[in-house]
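Please read it alongside the sequence and the model.

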Amino acid sequence: MVISKEQIASSNDGQLKKHQSKFDVLRDQLEEKNIDVAYVIDTLRTFQIAIPSWALGTGGTRFGRFPNGGEPVNLEEKMYDIGLLHALNRSSGAISLHIPWDIPEDAAGIRQLADELNLRFDAVNSNTFQDQADQKYSYRYGSLCHTDKAVRDQAIAHNLEVAKYGEELGTNILSIWLSDGAIFPGQHNMRRALQRTEDSLSQIYKGLSEEFEMLIEYKPFEPAFYATVIPDWGTSFLLANKLGKKANTLVDLGHHLPNTNIEQIISTLLAENKLGGFHFNDSKYADDDLTTGSMHPYELFLIFYELVEGLQNQNRSLQDLSWMIDASHNIKDPLEDLLQSVEAIQLALAQALTVDDKKLSDAQQNNDPTIAQEVLQDAFRTDLRPLLAEARLQDDAALDPIAAYRALNVRGALIDERGEDSVATGL
Ligand SMILES: [Mn+2]
């Protein structure tokens, strides 16, 4: 299924007048504060968030899975689903693959389909956290950290193979998340496990071409419940620094212990020029992988403020980093859930872009926390949704993507096309 510009335009028709009056009021309000509205809209239009190929089906918990039907069963169908999202919001113009869940057998054909759907390929992700049917050695006791060199070599070769698939698709970013760790105290020697991991990563690093970037993701626990080998940003940063310029840290919002100040981590990593990418989701307790912005929208805004301010300070652009949604959709329609996440991310970005920087930095210089809070919360509490709608309208996307998705009965059409019991591969 493909959504045409005409379908989008007719779904916008009835809402245009109402949108225009809401947008006019907001624009006046922002211009009074000397905000360059056209710049904010351009930034929103340029900013693209990658959709992972494994997130287009219903996720599950270890207790069960409740699919919606019409799910994509191969890479092409997954790309069509992302094409639907991108047609609705024009902000999801990138796809991130997980190998071996989605192996691009016919790279040329896949690239052509991506062009037709206006998609590009973002980071490719390796997988050494589960065993595949045709695999010689098991990752039961780890991959890059394993005590047996043969297992480590297998995992190193897999990562380099994933990078090769990426190259064929026109991306040069390899994203690595390891589940390596110990479930029980004493299970492995933590120092040696880290040294072996560093050694394996450096072999992967040396095997990558000069243009390649390696992203190292961290996670405090799960599935290793006692000690994960790369548990926090400090360990990822340490490894990335030792490896060299091509290696950077990747921050996944859900990979922190409760109440961790993630915005401060961002600030430090940006200052050290070692922040490479971002995985968006939200959580109440741990790696809940819920819809971005569903739990802590204020935190998301503060994170974006650090991103925008930190990147501006270094004359870098948002496009220098990899941005991806990494969530699991357990009860909602995955496509609706992704539309909501993208909207929440764009909203947080817009809020960050409309902070009165001058007033905030004056308040900081004058040690005035009251005014500092006023400035931040003024940006956060201004309803910027008409600005997002305007950015979409300028790109021929839907004023209200969820409403358009429902009006076009996309899920119904996908069920007709693929069947009620069509279930996606992946998470
Ligand atoms: Mn992640």
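Does Asp383 count as buried or exposed, and why? The model is predicted. Asp383 has 11 C-beta neighbours inside 10 Å, and a residue with 12 or fewer is classed as exposed, so Asp383 counts as exposed.

- Asp383 sits in the loop that links α13 (369-381) and α14 (385-394).

**Nonpolar core**
- The largest nonpolar core comprises 111 residues.
- Leu88 and Leu174 have the most contacts inside this core.
- Helix α11 (residues 334-353) contributes the most to the core, namely twelve residues.
- Apart from neighbours within four places in sequence, Leu174 has contacts that include Ala123, Val124, Val162, Ala163, Leu208, Phe212, Met214 and Leu215.
- Ser126, Asn159 and Gly166 are also among the contacts of Leu174.
- In soluble globular proteins, nonpolar side chains tend to be buried together.

**Packing of α7 and α8**
- Helix α7 (residues 190-207) packs with helix α8 (residues 233-243) at about 45 degrees, and their axes are 10 Å apart.
- The two helices, α7 and α8, are therefore oblique to each other.
- The crossing of α7 past α8 is right-handed.
- On the α7 side the contact is made by Glu198, Leu201, Ser202 and Tyr205, and on the α8 side by Leu239, Lys242 and Leu243.
- Four of the residues in this contact of α7 with α8 are nonpolar, one is polar and two are charged.

How values were computed: Residues numbered from 1 in each chain as written. Predicted model: local features only at pLDDT ≥ 70, side-chain atom pairs only at ≥ 80, totals over all residues. Axes fitted to C-alpha atoms, helices over the stretch in contact; angles between N-to-C directions. Helix = DSSP H or I, 4+ residues; strand = E, 2+ residues; numbered from the N terminus. Parallel < 35°, antiparallel > 145°, perpendicular 65-115°, else oblique. Left-handed = near helix turned anticlockwise from the far one by under 90°. Contact = placed C-beta atoms within 7 Å. Nonpolar A, V, L, I, M, F, W, Y, C, P; charged D, E, K, R; others polar. Core = buried A, V, L, I, M, F, W, Y, C linked by C-beta atoms within 7 Å. Buried ≥ 20, exposed ≤ 12 C-beta atoms within 10 Å, placed from the backbone.
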